Amino acid sequence: MRQVPPTPRRGRLLKSGRAVPIRTCVGCRVRTAKSDLLRLVAVEGVIVPDPRGRRPGRGAHLHPDPGCLELAERRRAFPRAFRLQGPLDSGVLRARVAERTEQQQDG
């Protein structure tokens, strides 16, 4: 009988021998490890980054990249992801993504 290697459980990605949770970026719709994405929550109509993943409420995940943020805004993905009506302010999020991009370019 032919031996078949075990496959990882659905919804998990193997990284360094361990299974890690995966999430989908609301901007580019690429599934990747949760640790590579930035968790977001909506607080009183403002999209706020949640790097520790501790804030209450429904979360969405996004690559910390201006391109993914632009795609998410163009597709109107944030109201759908948070299941909220009306426009959401992404000024705080835009500043955080820009800051993180500058840090990555500097060092």
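Ala-33 is part of strand β3, strands being DSSP runs of E of at least two residues and helices runs of H or I of at least four, both numbered from the N terminus. The model is predicted, so local features need pLDDT of at least 70 and side-chain atom pairs count only at pLDDT 80 or more, whereas totals for chains, interfaces and linings use all residues. Residues are numbered from 1 along each chain as its sequence is written, and side-chain values use heavy atoms, with hydrogens and water left out.

With a relative accessible area of 1%, Ala-33 is buried (buried, under 20% relative accessible area; exposed, over 50%; partly exposed, in between; 1.4 Å probe, protein chains only). A C-alpha separation of 6.6 Å was computed between Ala-33 and Val-20, which are 13 residues apart along the chain. Thr-32 also lies in strand β3 (residues 31–33) and is buried at 15%. Beyond its neighbours within four places in sequence, Thr-32 is in contact (heavy atoms within 4.5 Å) with Pro-21, Ile-22, Arg-23, Leu-37 and His-63.

The structure contains 2 salt bridges, defined by a side-chain nitrogen of Lys or Arg within 4 Å of a carboxyl oxygen of Asp or Glu. In one, Asp-50 pairs with Arg-39, with the closest N and O atoms 2.5 Å apart. Asp-50 lies in the loop between β5 (46–49) and β6 (59–62) and Arg-39 in strand β4 (residues 38–43), so the pair ties together parts 11 residues apart in sequence. Both Asp-50 and Arg-39 are buried.

Glu-73 forms a salt bridge with Arg-94, at 2.2 Å between the closest N and O atoms. Because Glu-73 lies in helix α1 (residues 66–74) and Arg-94 in helix α3 (residues 91–106), this pair ties together parts 21 residues apart in sequence. Glu-73 is partly exposed at 25% relative accessibility, and Arg-94 is partly exposed at 36%.
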